[in-house]
Amino acid sequence: MGKKPEKTNVMRILDRARIAYNSYDYSATAALSGTQVAAALGKDPARTFKTLVTQSASKAYYVFMVPVAEELDLKKAARAAGEKSISMLKSKELLPLTGYIHGGCSPIGMKKQFRTFIHQTAADFDAILFSAGKIGYQVELTLSGLQQVVPVEPADIIV
């Protein structure tokens with residue numbers, strides 16, 4: 001009998017909310033970057049999203065989800081959030097703020113819910129993938145499913 005697949009906090013939250021999702025375990029691979037994760041899972045990098053945490057000049061925190069092969073445009077991100085400027089959060093500040101480590105950050109299940117934006121192309125796909133809250137694990141669900149647990153706002157936020 002095989003071992004039971006690991007459940008992350010993100011998966012437990014989705015289960016409690018009765019939201020359908022697929023989970024993927026790529027922990028046996030050497031995939032590190034988002035594009036490597038998409039390749040390891042045989043998924044389109046355009047629908048595989050990374051979760052980035054930022055801080056504005058006004059000291060507010062924001063979460064941005066962008067396709068793994070893309071780069072967050074900080075000016076567009078600031079405009080979407082109605083801020084003067086935004087900068088990436090330092091890696092060492094991520095765990096105390098969100099409860100997640102770099103490479104395993106998910107928009108679902110953060111210690112505190114921050115205003116969250118997703119690149120507008122997410123609406124073009126039946127389902128999107130993103131971190132399940134632990135390195136080596138991804139979840140795949142519809143954008144509307146994600147919006148049932150996290151109020152994400154579509155925006156033009158990539159370079």
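Helix α1 (residues 9-16) holds four buried residues that are named here as Val-10, Met-11, Ile-13 and Leu-14. Buried denotes a relative accessible area under 20%, exposed one over 50%, and partly exposed the range in between, as calculated with a 1.4 Å probe on protein chains only. Viewed down the axis of α1, these buried residues fall within an arc of 160°, so they line one face of the helix; the arc is that of the directions from the helix axis to the C-beta atoms. Helices (H or I, at least four residues) and strands (E, at least two) are DSSP runs, numbered from the N terminus. The model is predicted, so that local features require a pLDDT of at least 70 and side-chain atom pairs count only at pLDDT 80 or more, while totals for chains, interfaces and linings use all residues. Residues are numbered from 1 along each chain as its sequence is written, and side-chain values use heavy atoms, with hydrogens and water left out.

The buried residues of α1 pack against β1 (22-25), β7 (137-141) and α5 (143-149), contact being defined as heavy atoms within 4.5 Å. Most residues other than glycine have a negative phi. Arg-18 counts as exposed, at 77% relative accessibility. A positive phi, near 75°, is also found at Lys-59, which lies in the loop between β2 and β3. Lys-59 counts as exposed at 59% relative accessibility.

The largest nonpolar core has 30 residues, of which Ile-118, Phe-130, Val-139 and Leu-146 touch the most other members. Such a core is a set of buried Ala, Val, Leu, Ile, Met, Phe, Trp, Tyr and Cys residues joined through side-chain atoms within 4.5 Å. At least two residues of this core are supplied by each of α1, β2, β3 (61-67), α4 (91-98), β6 (128-131), β7 and α5. The greatest contribution, four residues, is that of α1. A second, separate core of 13 residues includes Tyr-62, Ala-77, Ala-78 and Ala-155. Not counting residues up to four places away in sequence, Ile-118 touches Phe-49, Met-65, Ile-128, Leu-143, Leu-146, Val-152, Glu-153, Pro-154, Ala-155 and Ile-157.

Strand β2 (residues 49-56) contains Ser-56, which counts as buried at 4% relative accessibility. The side chains of Ser-56 and Glu-83 are joined by a polar contact of 3.4 Å. A polar contact is a pair of N or O atoms within 3.5 Å; within protein, one must be able to donate a hydrogen and the other to accept it, and residues adjacent in sequence count only if both atoms are side-chain atoms. Beyond residues up to four places away in sequence, Ser-56 touches Tyr-62, Glu-83, Ser-85 and Ile-86.

Tyr-62 and Ile-86 are also among the contacts of Ala-81, together with Arg-115 and Phe-117, when neighbours within four places in sequence are left aside. Ala-81 is found in helix α3 (residues 74-81) and is buried, with a relative accessible area of 8%. Between the C-alpha atoms of Ala-81 and Gly-145, which are 64 residues apart along the chain, the separation is 22 Å.

The loop between α4 and β5 (115-119) contains Ser-106, a buried residue with a relative accessible area of 0%. Its side chain reaches the backbone nitrogen of Ile-108 at 3.3 Å and the backbone oxygen of Ser-131 at 2.9 Å. Not counting residues up to four places away in sequence, Ser-106 touches Val-10, Thr-51, Tyr-100, Phe-130, Ser-131, Ala-132 and Gly-133.

The largest pocket has a volume of about 500 Å³. On a 1 Å grid over the protein atoms alone, a pocket is an open set of points where a 1.4 Å probe fits, with protein on both sides within 12 Å along at least five of seven lines, and lining residues have an atom within 4 Å of a point. Grid points are joined across faces, edges and corners, and a volume is the space filled by probe spheres set on the points. The lining comprises 26 residues, of which Lys-50, Thr-51, His-102, Gly-103 and Gly-104 lie nearest the centre of the pocket. Two or more lining residues come from each of α2 (34-41), β2, α4 and β6, and the largest share, five residues, is that of β2.
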